[in-house]
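Open the model in your viewer and keep the sequence panel beside it. The stops below can be selected one after another.

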Amino acid sequence: CDWSSDVCSSDLADITGGTLTTNALTNAGTLNILGGNQTLNGPTGGAGAINFAGGTASVGGTFNPLTTNVTAGSVTFTSAPALNNYTQTGGAANLTAGGSAANVNLSGGTLNLGGVFNPSSYTQSGGAVTGTGALNVTGPMNWTGGTLDTTGTLTTAGASNFSASDTLNGAWNNNGAAVLSGGAMTFNTLNNTGTLDITGGTQTFNGPTLGTGGLTVNGGTAT
């Protein structure tokens, strides 16, 4: 990487410690942030991958690289990023102003939401979603593990499949085709204008349960 011009080529670059501030970064390679206190003020983009794998990072301004991975350490997004392809297996990511993503895959770590986070596709097999922000999934959602404990609203608009075991603190607005295929979910508020099919697991609806959509029970237990 040529930090004098804030351009990272198609090579691999590791930031292992210290303090670095960029005001514009175009990354076409792989940038690994492994330690230290790093600040990316933006715009930050490019066709490469940025991996947050240690230390503490603060990201502001426009942030839209092709691939973002969080595996360790802590990263805070002070503006709303466009994450494109986002994978988190560990560490802590803070979306203080919400944001958007094309594809989200969460299997570990903590994703803390503020504002409204708008992924087009969302898969969660582990990890924890916390905070007060809302999760608005405009396409498919597959939730098999981990916890979704934000107090904000969950909105699903596409095909959704839940088989996790958790209590959803915020309201669930289902505007698509949802299937509860396993696990043990507890819903405190459901607004259903789509279709909801229960095919397995133990599902609990504490109410209120509202909406003009359809609800069918073809398996499992629902109370």
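Planes under 30 degrees apart count as stacked, over 60 as edge-to-face, and the rest as tilted. The model on screen is predicted, and a search of the whole structure finds seven aromatic pairs in it.

**Stop 1: F52 and F63**

Select F52 and F63 and show their side chains. The two form a tilted aromatic pair, with 6.4 Å from centre to centre and 40° between the planes. F52 belongs to strand 8 (residues 49-59), whereas F63 sits in the loop between strand 8 and strand 9 (67-77). Eleven residues separate them, and the pair links distant parts of the chain.

**Stop 2: F162 and W172**

Move on to F162 and W172. This aromatic pair is also tilted, at 5.0 Å centre to centre and 35° between the planes. F162 is part of strand 16 (residues 159-162) and W172 of strand 18 (residues 172-174), so the pair ties together parts that are ten residues apart in sequence. F162 and W172 are both buried.

**Stop 3: the nonpolar core**

Which residues have the most contacts inside the largest nonpolar core? They are F52, L111, F117 and W172, in a core of 44 residues. Select residues 99-113 next; this is strand 11, which gives the most to this core, with five residues. In soluble globular proteins, nonpolar side chains tend to be buried together.

Go back to F52 and show what surrounds it. Leaving aside neighbours within four places in sequence, F52 is in contact with I33, L40, A57, V59, F63, T68, N69, V70, T71, A72, V75 and F77.

**Stop 4: the whole chain**

Zoom out and switch to a cartoon view. How many helices and strands are there? The protein chain has zero helices and 26 strands. Its radius of gyration is 19 Å, close to the 17 Å that the globule rule gives for 223 residues, so the chain is as compact as a globular protein of that length. The C-alpha trace spans about 60 × 25 × 25 Å along its principal axes.

Of the 223 residues, 44% count as buried. The accessible surface comes to about 8300 Å², and carbon and sulfur atoms account for 51% of it. Among contacts between residues at least 6 apart in sequence, 2% join residues at least 24 apart.

**Stop 5: strands 2, 5 and 8**

Select residues 12-15 and 30-33. These are strand 2 and strand 5, which run parallel and are joined by four bridges. A13 stands opposite L31 in strand 5. Strand 5 also pairs with strand 8 in the parallel sense, over four bridges. Here T30 stands opposite A49 in strand 8.

**Stop 6**

In what order do the four strands of the open sheet lie? The order is 17-20-23-26, and the pairing is parallel. Strand 17 (165-168) and strand 26 (221-222) stand at the edges with a single partner strand each, so one side of each is left without a neighbour in the sheet.

Select the pairs within this sheet in turn. Strand 17 and strand 20 pair in the parallel sense over four bridges, and L168 stands opposite F187 in strand 20. Strand 20 (residues 184-187) is joined by four bridges to strand 23 (residues 202-205), again running parallel. A184 has T202 as its bridge partner in strand 23, and M185 stands opposite Q203.

**Stop 7: two backbone details**

Select G207 and P208 and show the backbone. The peptide bond from G207 to P208 is cis, with omega near 0°. P208 is found in the loop between strand 23 and strand 24 (209-210).

N84 has a positive phi of about 50° although it is not a glycine. Is N84 buried, exposed or partly exposed? Its relative accessibility is 27%; because buried means under 20% and exposed over 50%, N84 counts as partly exposed.

How values were computed. Residues are numbered from 1 along each chain as its sequence is written. This is a predicted model: local features need pLDDT of at least 70, side-chain atom pairs count only at pLDDT 80 or more; totals for chains, interfaces and linings use all residues. Side-chain values use heavy atoms; hydrogens and water are left out. A nonpolar core is a set of buried Ala, Val, Leu, Ile, Met, Phe, Trp, Tyr and Cys residues joined through side-chain atoms within 4.5 Å. Buried means under 20% relative accessible area, exposed over 50%, partly exposed in between (1.4 Å probe, protein chains only). Helices (H or I, at least four residues) and strands (E, at least two) are DSSP runs, numbered from the N terminus. Contact means heavy atoms within 4.5 Å. The radius of gyration is taken over C-alpha atoms; the globule rule is 2.2 Å times the number of residues to the power 0.38. Accessible areas come from the Shrake-Rupley method with a 1.4 Å probe; for residues, only the protein chains shown count as cover. Rings of Phe, Tyr and Trp (its six-membered ring) pair if their centres lie within 6.5 Å; planes under 30 degrees apart count as stacked, over 60 as edge-to-face and the rest as tilted. Two strands pair if DSSP finds at least two bridges between them.
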